[in-house]
Amino acid sequence: MTIGFIGLGIMGESMCENIVKKHDDTVYCFDMVSAQVEKLAKVGAVPCKDNVELAQKSDVIISMVPKSEHSHAVYTQILGELKAGKLCIDMSTIDPSVSVEISEMVKKTGAEFIDAPVVKSKPAAIAGKLGIYVGGEESSYKKAEPILHYMGENVIRMGSNGKGLVMKICHNALVSQIQNGVNETSTLAKANGIDILTFATAISYGGGQNFYLDSKKEVISKEDYTTAFSIENEHKDIGICMKLAEESGVYMPGEENVKRVYDEAMKAGYAKEDFSATIKVVRAQKK
């Protein structure tokens, strides 16, 4: 079974590398950035000239691209190469309604389609320990499951097409609200002479302990916002969340506040920094 991987960015390159190392057949790759393709070629992936060539040669096509319009463009481009027996796995974080539209388009060719967005960041992608939420038919999920386990240690099917993305958006919204709670309370502690590392230790003694603070306390202490997951990517996910909430008739005032913080971070020029850099926005706010 040949596998093709489209999109070799911060997460995609490590995800593809894990497939190359663990799969016993050819792995093809393509990205618009030739340097990324060259990186994967060095570890054993076979470069393709474009998405169409990759789709022609691959039994399983995996995509990991930034936005809804990119996913839609990829599957529109390769539609003529899809047929019964091929499986498409879009691991991008995009609007669930767009993913459902893509799934319908793909399935008309006879090919299968699942959405399989990931959680956690770059270190987990390198280690092959991502969390993966899947939306799609049970039979398609079963075919994809061994491949998904090349990249992730926790894989769960959430339901029909689009439901993996709904779960991913809910997950990232929750993280963003936990993050904002950490930002605000640690800023209050700092204003009263308690540094972030002491704050994190004290929080760990009670019910406020959380993975975000445990994993980001050193980053915040050193003010080294080297990107594991960017502000612009989380800003995109928050936008998808607010759209989904509106469509679902759900009021999310906590997430509205988070969106305000992220909007300010984008305006301040922090887009490419790690999403933990939002603490700079909160610290700068005055009542």
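This is a predicted model: local features need pLDDT of at least 70, side-chain atom pairs count only at pLDDT 80 or more; totals for chains, interfaces and linings use all residues.

Reader: Which residues touch the most other members of the largest nonpolar core?

Author: In soluble globular proteins, nonpolar side chains tend to be buried together. A nonpolar core is a set of buried Ala, Val, Leu, Ile, Met, Phe, Trp, Tyr and Cys residues joined through side-chain atoms within 4.5 Å; buried means under 20% relative accessible area, exposed over 50%, and partly exposed in between (1.4 Å probe, protein chains only). Here the largest core has 34 residues, and M15, I62, I89, M91, I132, L148 and M151 touch the most other members. Helix α7 (residues 138-151) gives the most to this core, namely six residues. Helices (H or I, at least four residues) and strands (E, at least two) are DSSP runs, numbered from the N terminus. A separate second core of 23 residues includes F199, A200, Y212 and F229.

Reader: Which residues of helix α4 are buried?

Author: An α-helix has 3.6 residues a turn, so residues three or four places apart point the same way. In α4 (residues 68-78), the buried residues are S68, S71, V74, Y75 and I78. They fall within an arc of 130° seen down the axis, so they line one face of α4; the arc is that of the directions from the helix axis to the C-beta atoms.

Reader: How many aromatic pairs does the structure hold?

Author: A pair of aromatic rings is described by the distance of the centres and the angle of the planes. Rings of Phe, Tyr and Trp (its six-membered ring) pair if their centres lie within 6.5 Å; planes under 30 degrees apart count as stacked, over 60 as edge-to-face and the rest as tilted. The structure holds three such pairs. One of them, Y75 with F113, is edge-to-face at 5.5 Å centre to centre and 85° between the planes. It links helix α4 to strand β6, 38 residues apart. Y212 and F275 are also edge-to-face, at 5.7 Å and 80°. Y212 lies in helix α10 and F275 in the loop between α12 and α13, so this pair ties together parts 63 residues apart in sequence. Ring pairs link Y212, F229 and F275 into a cluster.

Terms used. Residues are numbered from 1 along each chain as its sequence is written. Side-chain values use heavy atoms; hydrogens and water are left out.
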